[in-house]
Amino acid sequence: MDIPYSLLADLVAASHALMIALSFLGAIFTIKYGYRSIFINIFLLLWIIVTPIAQCIFKGCPITQLEKHLRALGNEEVYQGHFLEHYFNLSGDIVGVLFVITSILISIAILLTVRRNLRPESQEA
C-alpha cells in the first residue's frame, strides 16, 4: 500500500492554517468578549511559548518542515520560504510583523483572562 504523502502534506497545511487562525481569533475573542475557555487559553499560552522555541530548534516552523518533507516524499515540488509566504503571498518581513502582533494579542488575552479570574465576584445583597 502506497502512502499518499501528497494528501498528508495537504492535511498538514490545512491544520497549520487552522492553528494560525485559532491562535489569532482566539486572542481577539478572549480580549473582546472575555471568553474564559480553558481550551483557548491553554492553546494560546502553548502557542506563545512553543512557537519561538521551535523556530530556534528547527530553524523554522516544524509544521512547515513536516509539510515540506511530506511533499518531497510525495515527489512534489517543495516550496521555499515560510508557510504564510507561500500560501498567502506575504513577504518575510510581514510574516515577522504578524507574528509579533499575534504574540502581543495572545499576551494581552492571557493577562486579561488572569485578571478577570482573580477579580472577586460582585456580591449581590
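This is a predicted model: local features need pLDDT of at least 70, side-chain atom pairs count only at pLDDT 80 or more; totals for chains, interfaces and linings use all residues.

Colleague: Okay, how many helices and strands does the chain have?

Modeller: Five helices and zero strands. Going along the sequence, you read α-α-α-α-α.

Colleague: And what's the radius of gyration, next to that of a compact globule?

Modeller: The chain comes out at 18 Å, whereas a compact globule of 125 residues would be near 14 Å. The C-alpha atoms fill a box of roughly 70 × 35 × 25 Å along the principal axes.

Colleague: What share of the residues is buried?

Modeller: 28% of the 125. The accessible surface is about 8,700 Å², and carbon and sulfur atoms account for 68% of that.

Colleague: Which residues make up the nonpolar patch on the surface?

Modeller: Phe 24, Leu 25, Phe 29, Tyr 33, Ile 94, Val 97, Leu 98 and Ile 101, with about 700 Å² of accessible area together. Helix 1 (5–33) and helix 5 (92–118) each give at least two residues to that patch.

Colleague: Switching to charges: how many salt bridges are there?

Modeller: Three. Arg 71 pairs with Asp 10, with the closest N and O atoms 2.8 Å apart. That pair links distant parts of the chain, as Arg 71 is in helix 3 (residues 62–73) and Asp 10 is in helix 1, 61 residues away.

Colleague: What else does Arg 71 bridge to?

Modeller: Glu 67, at 3.0 Å N to O, and Glu 76, with closest N and O atoms also 3.0 Å apart. Glu 67 sits four residues from Arg 71 in helix 3, about one turn of the helix. So Asp 10, Glu 67, Arg 71 and Glu 76 are linked in a salt-bridge network.

Colleague: Last topic, cysteines. Why are there zero disulfides?

Modeller: Because the sulfur of Cys 56 is 12 Å from the closest cysteine sulfur, the one in Cys 61, which is too far for a bond. A disulfide would need the two sulfurs within 2.5 Å.

Colleague: Is Cys 56 buried or exposed?

Modeller: Exposed, with a relative accessible area of 58%.

Conventions: Residues are numbered from 1 along each chain as its sequence is written. Side-chain values use heavy atoms; hydrogens and water are left out. Patches are made of residues with over 30% relative accessible area and no salt bridge: like charges are joined within 9 Å, nonpolar side chains (Val, Leu, Ile, Met, Phe, Trp, Tyr) within 5 Å. Accessible areas come from the Shrake-Rupley method with a 1.4 Å probe; for residues, only the protein chains shown count as cover. A salt bridge is a side-chain nitrogen of Lys or Arg within 4 Å of a carboxyl oxygen of Asp or Glu. Buried means under 20% relative accessible area, exposed over 50%, partly exposed in between (1.4 Å probe, protein chains only). The radius of gyration is taken over C-alpha atoms; the globule rule is 2.2 Å times the number of residues to the power 0.38.
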